[in-house]
Amino acid sequence: MLVLVYGVLSWYRFTYRIEQGELRIEYGLIVRKKRFIPFDRIQSLDLSEGILQRLFGLVKVKVETAGSGGMGLQDGEAVLTAITKQDAQAIHDYLVSIKKSGQILQGEEEPQSADDLLYKMSVSELLMLSTTSGGVGVVISAVFAFVFQFEEFIPYEQIFDEVEHFVQSGVVFVSVVVFLGFLLAWMLALFGTMLKYANFTVRKVDNDLVITRGLLEKRQFTIPLNRIQAVRISENLIRQPLGYASAYVESAGGSALDQESSKVLILPIVKKRKIPGLLEPHLTEYHFRVNISPASKRACSRYLLKGWLFMLPAIIAAIWFLKPWGYGALILLPVSALWSYLNYKDAGWSLDQGMLTFRYRNVVKNTVYMRKNKVQSFSVKESFFSGKRNWPPSRQLSSLDMAALAAKSLTLRKSMSI
């Protein structure tokens, strides 16, 4: 009852209005708070319809300003949790009119409204995205995390003892159960991904990219083109042999900026060879057909050594504590060498026509494209051993190149350390 009363009072005390070119919000029961957001500082509006909002014909509006989204802060943003679609559209139309009037005052001609379809996910692409996503591990981890919240009430030790005795007499049955468990987790992940990314479309509306997606929860958010700082193309281990990739943009703001990560998915899954044709006509400052210089041949030994240094402690511990079976961990040495070699082969860079491109691999192969004039800082790390070696100048950035690049650094919010 107290929660119900508090919710009703909070709703009653929450007001919003448009006044003198500002979105004015007042809320709070004991402490009254007021937030005035000038419309000329609003970058975009993020509209979403959850299940509850859709039942009552409402939408959630998240207001993104020029100062929001950075460092995980929310001081520069506001959220209207549940308002009518008509009110949300009215706020959006007013924001568009303010932007257009501002351009006219600056002597620019009133732009013609343009709405171009950049990308629409097909059913086959949605199935490919769902089947090749990494959601299975997330589902299994979530199930374990939920179950172990009740360790005070569930006798896990007794259960594990009984399971151990059962396993000794029913290996085949247990193997089937484990397989079915992973199959169920994969199906849940598949279903969840399809619901999340169904009806995924990307449109270019004037100077913004507008993304809509979702079946149960419909979302629409906006990325201002002038706030895109970099483009990232990612290929996981399953999609890369099939020629598929995903494209993200690094945004310095906008409604699509997640506080946990600044990367925004604009192409969930598409043939890699099609990405330049899809993005270059709309992201005119970027070009994706570049010649990437690979890493030096001498760097291969460093990649191998680094991989072995991370793997040796685990191998030694396995041999020490799990004799004689621990010697099987020695197979990790060639596996680590192969993985380090793949990392070495995928490493590379390019500096061409004002574009700085980096390519690297951790688990996922990433290629990052950015404009030099949007780099804020450029850092270089040199170990004692690499400093002692005479690296070929044809395969590295010279000190003059680094200085020239740093001199042109301007606005990128994130540092990138190579």
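In the predicted model, strand S2, residues 22-27, runs antiparallel to S3 and is joined to S3 by six bridges. In general, the strands of a sheet pair through backbone hydrogen bonds, and the pairing is either parallel or antiparallel.

The chain as a whole has 13 helices and 19 strands. Of its 418 residues, 37% count as buried. Among contacts between residues at least 6 apart in sequence, 56% join residues at least 24 apart.

Another open sheet is formed by seven strands in the order S6-S5-S4-S10-S9-S8-S7, again with antiparallel pairing. Its edge strands are S6 (78-84) and S7, each of which pairs on one side only. The twist from one strand to the next averages 20°.

Strand S5 (residues 58-65) pairs with S6 in the antiparallel sense over five bridges, and Val61 stands opposite Leu80 in S6. Strand S4 (residues 42-49) and S10 are paired in the antiparallel sense over three bridges; here Ser48 stands opposite Arg219 in S10. S9 and S10 run antiparallel and are joined by six bridges, with Phe221 in S10 as the bridge partner of Ile211. The hairpin of S9 and S10 has four residues between the strands, and Gly214 in this hairpin takes a positive phi near 105°.

S8 and S9 pair in the antiparallel sense over five bridges, and Val202 stands opposite Ile211 in S9. In the hairpin of S8 and S9, two residues lie between the strands, and Asp206 takes a positive phi near 55°. Strand S8 (residues 201-205) is also joined to S7 by five bridges, and these strands run antiparallel. The bridge partner of Asp115 in S8 is Val205.

Strand S9 also contains Asp208. Is this residue buried or exposed? Asp208 counts as buried because its relative accessibility is 17%, and the cut-off for buried is under 20%. When residues up to four places away in sequence are not counted, Asp208 touches Lys99, Arg203, Thr222, Ile223, Pro224 and Leu225.

The largest nonpolar core has 36 residues, and Leu267 and Leu279 are those with the most contacts inside it. Elements that give two or more residues to this core include strand S7 (115-120), strand S9 (208-213) and strand S10 (218-224). Strand S11 (228-235), strand S12 (244-251) and strand S13 (263-271) are also among them, as are helix H4 (123-131) and helix H9 (275-279). S13 gives the most to this core, with six residues. Leu279 touches Leu118, Val231, Ala247, Ile266, Leu267 and Phe288, residues up to four places away in sequence not being counted. A second, separate core has 16 residues, including Leu23, Ile25, Leu45 and Leu95.

Two packed helices are described by the angle between their axes and the distance between the axes. For helix H10 (residues 299-321) and helix H11 (residues 332-346), the axes come within 8 Å and cross at roughly 145°. The crossing in which H10 passes H11 is right-handed. On the H10 side, the contact consists of Ala299, Cys300, Tyr303, Leu304, Gly307, Trp308, Met311, Leu312 and Ile315. These residues meet Leu332, Leu333, Ser336, Ala337, Ser340, Tyr341, Asn343 and Tyr344 in H11. By class, the contact of H10 with H11 has 13 nonpolar residues, four polar residues and no charged residues.

How values were computed:
Residues numbered from 1 in each chain as written. Predicted model: local features only at pLDDT ≥ 70, side-chain atom pairs only at ≥ 80, totals over all residues. Heavy atoms only, no water. Pairing = 2+ DSSP bridges. Core = buried A, V, L, I, M, F, W, Y, C linked by side-chain atoms within 4.5 Å. Buried < 20%, exposed > 50% of the residue type's maximum accessible area, 1.4 Å probe, protein only. Contact = heavy atoms within 4.5 Å. Axes fitted to C-alpha atoms, helices over the stretch in contact; angles between N-to-C directions. Left-handed = near helix turned anticlockwise from the far one by under 90°. Nonpolar A, V, L, I, M, F, W, Y, C, P; charged D, E, K, R; others polar.
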